[in-house]
Amino acid sequence: MKACLIHGNTRSNSNTEALAMLFADDLNEKGVEVCHFFLRDKNIQSCVGCNKCHSVLDSFGCVINDDMQEIAKEILLSDLIVYTSPIYTWMPTPSQKAVMDRTYAFTKYPENDDAFCLLKKQKYAMIATSGDECERNCDLFDESLRRMAKFANLSYLGYLAVKDPGNGSIANSESISKVRVFANKCFEAIK
Ligand SMILES: Cc1cc2nc3c(=O)[nH]c(=O)nc-3n(C[C@H](O)[C@H](O)[C@H](O)COP(=O)(O)O)c2cc1C
């Protein structure tokens, strides 16, 4: 079992990253191999809409030669893809949105056949933190991933979201128990 965590936070002292690392620890303890991509250290360009990827039928096929290439390789090998982000203006951060856009390259449109997605076994999940109530601030990110999964015929396992504790640590007993429940749900879905 393999999980790929794509961390969309922009700062290193991050609530979202701390929460996601607790989640990763839980998965690790259950025997899941977890790989991490920290987008703040990566060069991920925006999709340029050239559509060349869609006719490369057997691989990612994106023509942009940046760090998304190694992320795409890992996505193909993983059972679980976790998109994490702080909420910025009701959305994931630009780097995470760029990754989400670039996964469209996995959808293939053969000339004389039906469209298909190269991803088959992968399940999607989301981790977010927001300054205000999660239900009213993480919902658009959640809905994007739900629709992305539906479009690609993949399962979406839902989200773990915690409100920014302000000056306190995000690793309080309430969020730790939320992490435990969500990690268990994800583990049960991929085991
Ligand atoms: C540019 C910017 C935009 C933000 N927009 C929202 C928002 O729309 N809704 C919200 O609840 N919090 C918003 N926040 C607060 C962050 O989501 C919150 O503090 C989060 O926990 C920060 O995560 P991090 O520590 O991982 O960077 C925003 C913060 C920044 C810097």
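Which elements each supply at least two residues of the shell around the ligand? They are α1 (15–29) and β6 (123–130); helices (H or I, at least four residues) and strands (E, at least two) are DSSP runs numbered from the N terminus. The model is a predicted one, in which local features need pLDDT of at least 70 and side-chain atom pairs count only at pLDDT 80 or more, whereas totals for chains, interfaces and linings use all residues. Residue numbers start from 1 along each chain as its sequence is written.

The ligand is surrounded by 17 residues, where a residue is near a molecule if its C-beta atom, placed from the backbone, lies within 6 Å of it. Ser-14, Thr-16, Pro-86, Ser-130 and Gly-131 are the closest. The element that gives the most to this shell is α1, with 3 residues. By residue class, the shell comprises 4 nonpolar, 9 polar and 4 charged residues; Ala, Val, Leu, Ile, Met, Phe, Trp, Tyr, Cys and Pro count as nonpolar, Asp, Glu, Lys and Arg as charged, and the others, Gly among them, as polar.

The backbone also deserves attention. Most residues other than glycine have a negative phi. Asn-51, in the loop between β2 (33–38) and α2 (68–77), has a positive phi near 70 degrees. Trp-90, in the loop between β3 (80–86) and α3 (94–102), likewise has a positive phi, near 65 degrees.

A residue is buried if 20 or more other C-beta atoms, placed from the backbone, lie within 10 Å of its own, exposed if 12 or fewer, and partly exposed in between. Asn-51 is exposed because 11 other C-beta atoms lie within 10 Å, while Trp-90, with 13 within 10 Å, is partly exposed.
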